[in-house]
Amino acid sequence: MNETESAIPVTDPFTLFEAWFAEAKEAEPNDPNAMALATATPEGRPSVRMVLLKGHGSHWGDGGGFVFYTNAESRKGEEIRANMQASLLFHWKSLRRQIRIEGPLTEVSSEQADSYFHSRPRVSQIGSAASDQSRPLPDRQVYLDRVAALEERYPEGDIPRPQHWTGFLLTPTAIEFWSDREFRLHDRRRFTREGPGEAWTNTLLYP
Ligand SMILES: Cc1cc2nc3c(=O)[nH]c(=O)nc-3n(C[C@H](O)[C@H](O)[C@H](O)COP(=O)(O)O)c2cc1C
């Protein structure tokens, strides 16, 4: 590659995401699919936390997307229900790369949520069913007792998925790739589109 050229090719951003994600899976010691999820209240108060990417690609929904699962009654869940917009951030330290993704959210179907919930180990199903995520917990023992009660109630097999445990699909209108370059002359390329069915345009950005 010529040093004067951008290291970030002009291609379909889902394809480029896939290539970088494949490299991250090789390079990252833990959770290459971990991403920061930023949400905001309708008044514009932002909040951010890590979640795991559990589905992605151009085949998702109408215009491709990125899927995560969570408790819809959590803090993030409340913010999402009031303001169906979010931003995702991957930072793969070992690769010195960042990807920022922005767009509207939609809830996945209940079949999709069931299918993913029941693909998880039984102990994870119990852990999430027992958790009033983001609500105050008076004592850790209270949570452990709820876990034990579910284990007793469902001694084997799958646990029913709680209604509030669901997934969200972010359909991107912007995906931005950042790559570390020598002398801090970093590389950025931002892909944007008006909506799901529309064509992507892209531009380099000053780092
Ligand atoms: C690496 C990592 C991955 C996580 N993945 C998830 C996830 O997929 N879903 C989830 O609800 N919480 C996940 N969490 C916990 C969240 O960061 C957060 O603590 C929790 O969802 C409550 O956030 P909230 O109070 O903003 O709703 C993860 C935390 C870490 C550190």
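**View 1. Strand β2 gives the largest share of the shell around the ligand.** In this predicted model, β2 supplies four residues of that shell. Two or more residues come from each of β2 (46-52), β4 (65-71) and α2 (75-82). Look for the residues around the ligand, among them R49, M50, V51, L52, Y69 and T70. Sorted by class, the shell is made up of four nonpolar, four polar and four charged residues.

View 2. Start at Y69, where a polar backbone atom is 3.0 Å from a nitrogen atom of the ligand. Then move to S74: an N or O atom in the side chain of S74 is 3.2 Å from an oxygen atom of the ligand. At K76, an N or O atom of the side chain is 2.5 Å from an oxygen atom of the ligand. On its own the ligand has 620 Å² of accessible area, and the protein covers 63% of that.

View 3. Most residues other than glycine have a negative phi, but phi of D31 is near 40°. D31 counts as partly exposed because its relative accessibility is 49%, and exposed would need over 50%.

**View 4. R96 also has a positive phi, near 55°.** Here the loop to find lies between β5 (85-92) and β6 (97-107), and R96 is in it. Is R96 buried or exposed? With 53% relative accessibility, R96 counts as exposed, since the cut-off is over 50%.

Technical notes:
Residues are numbered from 1 along each chain as its sequence is written. This is a predicted model: local features need pLDDT of at least 70, side-chain atom pairs count only at pLDDT 80 or more; totals for chains, interfaces and linings use all residues. Side-chain values use heavy atoms; hydrogens and water are left out. A residue is near a molecule or strand if one of its heavy atoms lies within 4 Å of it. A polar contact is a pair of N or O atoms within 3.5 Å; within protein, one must be able to donate a hydrogen and the other to accept it, and residues adjacent in sequence count only if both atoms are side-chain atoms. Accessible areas come from the Shrake-Rupley method with a 1.4 Å probe; for residues, only the protein chains shown count as cover. Ala, Val, Leu, Ile, Met, Phe, Trp, Tyr, Cys and Pro count as nonpolar, Asp, Glu, Lys and Arg as charged, and the others, Gly among them, as polar. Buried means under 20% relative accessible area, exposed over 50%, partly exposed in between (1.4 Å probe, protein chains only).
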